[in-house]
Amino acid sequence: MNRQINSKKLKSRVVKIDSEQSWDFFITQANNQGCPVMVHFTAAWCVPSVAMSPLFEELALSYQDVLFLSLDVDDVKGAASKMGITAMPTFLLMKQGAEINKLVGANPNEIKKMIDGFVHQFRSFKISIETQLE
């Protein structure tokens with residue numbers, strides 16, 4: 001029975017961006033919905049970047065009110081260039097199209113702190129506004 005559970009993979013919550021059009025679409029959708037975005041700028045040839053993918057998947061499952069995107073800089077050069085990405089891995093936290101925080105390098109603890117701190121603030125702000133509207 002354990003093998004059966006382990007063999008069933010959970011559907012990924014990380015959206016793989018494969019074109020400039022998909023980048024523009026998901027960023028626009030997130031902006032329109034007021035949804036924060038966490039982006040993993042990666043490259044297939046970058047071992048530390050590839051090694052961070054399972055952590056990024058785990059974070060996406062934990063923080064369901066954030067849109068998680070993964071973008072290979074060699075496949076979608078324009079978006080990476082527009083966001084000023086010069087090293088991999090780079091993790092970019094965005095809100096309303098603006099950079100909130102950026103972390104360059106494969107540092108799992110710092111990535112967790114970055115997203116956790118932001119989500120805590122975001123949720124507190126959201127609750128405060130909802131309370132005022134009642």
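A nonpolar core is a set of buried Ala, Val, Leu, Ile, Met, Phe, Trp, Tyr and Cys residues joined through side-chain atoms within 4.5 Å, where buried means under 20% relative accessible area with a 1.4 Å probe, counting protein chains only. The model on your screen is predicted, so local features need pLDDT of at least 70 and side-chain atom pairs count only at pLDDT 80 or more, while totals for chains, interfaces and linings use all residues. Residues are numbered from 1 along each chain as its sequence is written, and side-chain values use heavy atoms, with hydrogens and water left out.

Of its 134 residues, 37% are buried.

Next, select Trp23, Val37, Val39, Phe41, Leu69, Leu71 and Met94, which touch the most other members of the largest nonpolar core, a set of 21 residues. At least two residues of this core come from each of α2 (20-33), β2 (37-42), β3 (67-72), α5 (77-82) and β4 (90-95).

Now centre on Leu71, whose contacts (heavy atoms within 4.5 Å) beyond four places in sequence include Ile17, Trp23, Val39, Phe41 and Ala80.

Then select Met52, Leu55, Phe56 and Ile115, which are among the 19 residues of another core, lying apart from the largest one.

Finish at Gln64, in the loop between α4 (53-62) and β3. A polar atom of the Gln64 side chain lies 3.1 Å from the backbone oxygen of Leu61, and the C-alpha atoms of Gln64 and Arg13 are 8.3 Å apart, although 51 residues separate the two in sequence.

Technical notes:
Buried < 20%, exposed > 50% of the residue type's maximum accessible area, 1.4 Å probe, protein only. Helix = DSSP H or I, 4+ residues; strand = E, 2+ residues; numbered from the N terminus. Polar contact = N/O pair within 3.5 Å; in protein donor to acceptor, adjacent residues only side chain to side chain.
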